[in-house]
Amino acid sequence: MSTTELARAATPAPARGRKKRSRLNTQAGAGWLFVLPMVVVLGVFLFLPVLMAAWVSVSDWGGRGSPWGANVNFVGARNYVEVLGGKGLAARDFGTAIRNNLYYVILVVPLQTAISLGLAFMVNKRALRGKGFFRTAFYFPSVTSTVAITVLWLFLFSASGAVNAFLSWFSITGPNWFADPRGLIHLALGGGEAPAALSQPGLFGISTWEWIAGPSVAMSAFILMAVFTTSGTFMLLFLAALQAIGEETDEAAMVDGASVWQRFWYVTLPMLRPTVFTVVTLGLIGTWQIFDQIYTAGQQGGPAKTTLTPAYLSYNAAFISQDWGRGAAIAFVLFGIIVIFTVLQRLILGGGDRSTRKQVRAEQRMQARLAATGSAGGTIPGTLAGSDHDEH
Amino acid sequence: MHPSSRRAATAAVAVLASFSLAACGSGFSSSSSAPASGSASKNTNPVTVLIGSSGDAETASVKAAVAAWSTKSGVPAEVKVASDLVQQATQGFAGGKPDDVLYVSTDQLTGWAKNGSLEAYGDQLANKSDFYPGLVSAFTYDNKFYCAPKDFSTLALVINTAMWKEAGLTDADVPTTWDQLAAVAKKLTKGKRVGLAFGPELQRVGVFMAQAGGGLVSADGKAQANAQPNIDALAYVKKLMTDGNAAFSSDLGAGWGGEAFGKKEAAMVIEGNWITGAMSSTYPNVDYTVAELPAGAQKGTLQYTNCWGISADGDNKTAAVDLVSFLTTKDQQLTFAKDFGVMPSVQSAAEGYKTDNPKMVPFINGAAYAQNLPSMAGAADVIKDFNSQLAGLKTKDPKAILDATQSNLQAIVG
C-alpha cells in the first residue's frame, strides 16, 4: 500500500501526457478484470443476501415467495422496536438471550485466550518430549465437528454421566447439568428469592435480579465446551507467533538477568500483542454467534431459557415462528453488538497497529517539517522507517 | 483514494447492482406463473410429498401408499424424507417451488396459513365429517379448514406392571380421580424411584389443567391462563412434587417421560401413544399397561396431530387433494396404524383400531375429551415461556407463573 502510493507520488502525473494516464487506466482495468470473478461471487453470495436480509428486517415478509414481491410492505423500524423497545415477550426473550450470551462471552473469551496461550507455551518448550503428540492432542477438538462434541458433552454432563461420577469420588453430588437453570451468581449468593428492590422489571423487561443471575449451570457446561474446543485453534496461532519470536530474544533477556516470569511478562507477551488482539477479536466474534451447540443440544434454549442466545433466537423467530422480519432484525442487532464489542476491545487493548499509525503520522509530520526547512536529513526518517518496519 | 480507483469502484458497484437485479429476476418470479397450470383438465405434473419420518417403517409405509395411488391415478408421485422438515418446507415456500404435499404440525399451521403458503382444501374432502371434530378444529385457521388430519396422539397414564404388583395394587386401584392418583403415586414411590413422572412442559402438565376444566385459552378464544382451574391444577402438581411422589423427567436425568419410565426411575408416566414404540425397541424388558388419565372436575387429556398440508404454490393441486383423500381413507389409515403405530384420524377406523391394538384403547378413548393446545400466531413462544417457568414450579407460586403467562397470552389473543 504505502510503497505503491509513494511510487505514484513520485510520478509527476499531470506533467506527462495522455498516453501515461491511459496506460495506468488499462492497468487498473485489467486489475479489476482479474478480481471480477471474486467480486461477482462475493456480490451474489454475500452482498446480495445481506441486502435482502436488511430489507426483510424492515418489511412484513412472511416467508412465501420473493421478499421483493409486490405484496410485501415496508413497515419501518417496527421489527426493531418490538425487539429493542417493546415491553412484550419478544423484548424479554431478546434481553434474556443477550444476558446469557454476555456471560458466555465474558467467561469464554478470557479463559480460551489464557488457556490457549498456556498450551502454546507448553508445546513450544524445547525440553518437552512427544511435542508432536501434544500438539495434535490439543488441536484435536478443533477439527472435530461441534455437533459431535455437543453430543459427547450431553453424555459426559448427564445426571448420571462421567463428570458427575468423577465428582462423586470426592463426595460431591454433581448438578443435573443440562437441566439446571440456576445461575452461578445466584447460587453463590445462596440461591434465595429476589430482594424486592431488584425484582422490578428493568432493561428489556427483565428484573435486575435476573440480569445478575450469572450463567446457568447448563450454560456453564456450554462454556466449558467452548473453551475445550477453541483453545486448540488459538493455541496454533500463539504457537506460530511464539516461534516467530525466536530464541535470541529470550536469550538476550536471560543474559540481562530477567526471571522466567519477567521474560514472559515484559518480553514475550508484549511481542505477542498482535496475536492476542487477533485471538480476542476472533473469540469475541465467535462467542457472540454461538448457535450450533444450542441447536444440537435440542433444548431450544432451555432450561428456563438460560441457554437462549441471540443467534438461536433469530433462527427460531424466522424458521419456526415464521416471523422473518423479527428474525432478521435480531440478526442485525447482533451484528451491531459484535461491531461495538470489537471496537471497544480495540480501544481497550490499544489495537494491533495503533502505535504504528501514530508513528507513521509522526514520521509524516517530521518529513513535512524537514521539507519546510529544506534540509533533507537522511538519518532521522531512516530510523523511523526502521522502527515502523519492526512493529509490523 | 486515487481518482482512477474511485471510478473503478463505481463501476464495480454498478456491476454488482446489475447482477443482483438479474439474480432476483431469475430466482423468484417463476412462482407466480406456477399455480395457473393447476386447473388444467387432466394435469399430470408429478406430485412430490415431503415427510418428516419417524423411521424406516414409516418411510416404507408412506412410500408404498403413495406408489399405490400413483398407479391408480396415473400421476407420477415421489416421497421425499426431510431431515429438517420445517426448514426444508420453509425454503420451498420462500423459493416459490414448494413440495405439493407435506406434513404440517399444528404449531406450523398458523404461520404457513397466515403467509398464504398453504391451500385451504379441507372442505373439498368427501370424508370431511368422518374426522374427529377436535382434530378438524386444530387445523382450522381463520374459519377455514386447511388440511386433513393425518393421524393423532393423545396422552394417557402408562403404568409399570411389575412395580404396580410389588406395591400390592390391583386392577381395581387404577386411579380415576386426582386423590387416587396421589395415593397410588405415594405407594409407588420407593427410594430414588418416584411414583409419577412427566416432562417439565405444558405439553404434559397441561392435562391437569384440562382435567380441572381450564386450559390457557377458553372455548370462545379468550386468554384465561390465570383462571382458578389452572391455578388448582398447578397447585395439585406442585403438591405431588413437593411431597416427593412425582417429579419432572428432567429432574430424574431423563430426556423425556419414556426414558424415565424405561430406566425404571418412575413407576408411572404421562405420555402419548408413541411411547409404545420406544418401549418395544429400547426397553423391551419393561412390562406396562396403559390407563386413561384420572379425572379432576372432568375428564381431560391433550392431543397432538399433524396434517397433510397442500402448498398453495404447488403445480398439481387437484391431484394433491386426490392423493390426500386416498391417504386418509379408513383402510389406508389402518394400514398406517399397523405399520408404524399411529392412531387413525377418522372415527370410522376407531373400532378396527381397537380390535387390532387392544393395549392402545385408552389412548384412542382420549379422543372424546382431548383438548388442543393453543396454536395461534405467537402461541408457541408463550408456551415456551410458560415451560421455562414451569421448571421452577417446586419453589414458585403457581399463580405467579400463570399471571405472567396470562399477560403474554393477552398480547396475542386479546
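Q: What makes a run a helix or a strand?
A: Helices (H or I, at least four residues) and strands (E, at least two) are DSSP runs, numbered from the N terminus. This is a predicted model, where local features need pLDDT of at least 70, side-chain atom pairs count only at pLDDT 80 or more, and totals for chains, interfaces and linings use all residues. Residues are numbered from 1 along each chain as written, chains are lettered from A and ligands numbered from 1 in written order, and side-chain values use heavy atoms, without hydrogens and water.

Q: What follows H5(B)?
A: Gly116(B) follows H5(B), and its phi is positive, near 80 degrees.

Q: Why is helix H5 (residues 106-114) of chain B called largely enclosed?
A: Buried means under 20% relative accessible area (exposed is over 50%, partly exposed in between; 1.4 Å probe, protein chains only). In H5(B), 7 of the 9 residues are buried, so the rest of the structure largely encloses this helix. Among them are Leu109(B) and Trp112(B). The cover includes helix H15 (310-320) of chain A and helix H4 (85-95) of chain B.

Q: How do you know which way the residues of E1(B) point?
A: Val47(B), Val49(B) and Ile51(B) point one way, Thr48(B) and Leu50(B) the other, and all are buried.

Q: What makes E1(B) and strand E2 (residues 77-81) of chain B a pair?
A: Pairing needs at least two bridges found by DSSP. E1(B) and E2(B) have 5 and run parallel, so they pair. Val49(B) stands opposite Val79(B) in E2(B).

Q: How many bridges join E1(B) to strand E3 (residues 101-105) of chain B?
A: There are 2, and the strands run parallel. The cut-off is at least two, so these strands pair as well.

Conventions. Contact means heavy atoms within 4.5 Å.
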